[in-house]
Amino acid sequence: MKRFDLERYGKTYSIQLTIATYMNGNLAIRMENWSNGEPELWNILTVNLGGEMPKDCAFIDTNNNGKDILAWIVRHGLAVPTGRSASSGFCCYPEYRFRTSKLKEIDPDGYTRYLQILEDRYRA
C-alpha cells in the first residue's frame, strides 16, 4: 500500500491510509505510522458526525489533526473540498470528496469493503 510523508513535530512520518467505515456506513480513514517499520495508529483522518454521507465524502478531523492537514490532503491529490462543513461542539469540520482513484490505490481491499457496505445500506 502507498504511504505519504507527513511532517509534524520537526520530523517526517511515513503515513499509510486505510479505509474503513463507521457503524452507519460512512467513510472512515485511519492514519497509520510506519516510521518504525510496522504500523502504529497515528490518528483518524475523518470524523463521523452522523447522517448518511454521499459516496466518497467525509468530514475531516481538523480538531485532532490540525487545519494544516487540509493542505496535506490536497497536496497529495487525495480529495477536494466540497464547500460544506458541519459543527460539533466548538469545532467546525470541512467536508471533502475523496477521489475514487486514490481510494482504490491506497487501500483496494478496504475500498471494496466500503463499497459493499454502501450497497447494502442503499439496498436496505
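A polar contact is a pair of N or O atoms within 3.5 Å, where one atom must be able to donate a hydrogen and the other to accept it. Keep that in mind for the first view of this predicted model.

**View 1. Arg8 and its polar partner.** Let's begin with Arg8, which is found in strand E1. Its side chain is joined to the side chain of Asp68 by a polar contact of 3.2 Å. Is Arg8 buried or exposed? Arg8 has a relative accessible area of 11%, so it is buried. Setting aside neighbours within four places in sequence, Arg8 is in contact with Tyr13, Trp42, Asn65, Asp68 and Ile69.

View 2. Searching the whole structure turns up 4 aromatic pairs. One of them is Phe4 with Trp72, an edge-to-face pair with 6.0 Å from centre to centre and 75° between the planes. Which parts of the chain does this pair link? Phe4 belongs to strand E1 (residues 3–8) and Trp72 to helix H2 (residues 68–75), distant parts of the chain that put the two 68 residues apart. Both Phe4 and Trp72 are buried.

View 3. Tyr13 lies in strand E2 (residues 11–21) and Trp42 in strand E4 (residues 40–44), 29 residues apart. Tyr13 counts as buried because its relative accessibility is 11%, whereas Trp42, at 22%, is partly exposed. Together with Tyr9, these two residues form one aromatic cluster.

**View 4. A charge over a ring.** Look for Arg3 and Trp34 in this close-up. The charged end of Arg3 sits over the Trp34 ring, 4.0 Å from the ring's centre.

**View 5. Inside the nonpolar cores.** Which residues touch the most other members of the largest nonpolar core? Among its 25 residues, they are Leu17, Trp72 and Phe98. Strands E1, E2, E3 (27–33), E6 (57–60) and E8 (91–98) each supply at least two residues of this core, as do helices H2, H3 (100–106) and H4 (108–123). Another core, of 6 residues, lies apart from the largest one, and Met53, Phe59, Ala86 and Tyr93 are among its members.

Key: Residues are numbered from 1 along each chain as its sequence is written. This is a predicted model: local features need pLDDT of at least 70, side-chain atom pairs count only at pLDDT 80 or more; totals for chains, interfaces and linings use all residues. Side-chain values use heavy atoms; hydrogens and water are left out. Rings of Phe, Tyr and Trp (its six-membered ring) pair if their centres lie within 6.5 Å; planes under 30 degrees apart count as stacked, over 60 as edge-to-face and the rest as tilted. Helices (H or I, at least four residues) and strands (E, at least two) are DSSP runs, numbered from the N terminus. Buried means under 20% relative accessible area, exposed over 50%, partly exposed in between (1.4 Å probe, protein chains only). A charge sits over a ring if NZ of Lys or CZ of Arg is within 6 Å of the ring centre and within 35 degrees of the ring normal. Contact means heavy atoms within 4.5 Å. A nonpolar core is a set of buried Ala, Val, Leu, Ile, Met, Phe, Trp, Tyr and Cys residues joined through side-chain atoms within 4.5 Å.
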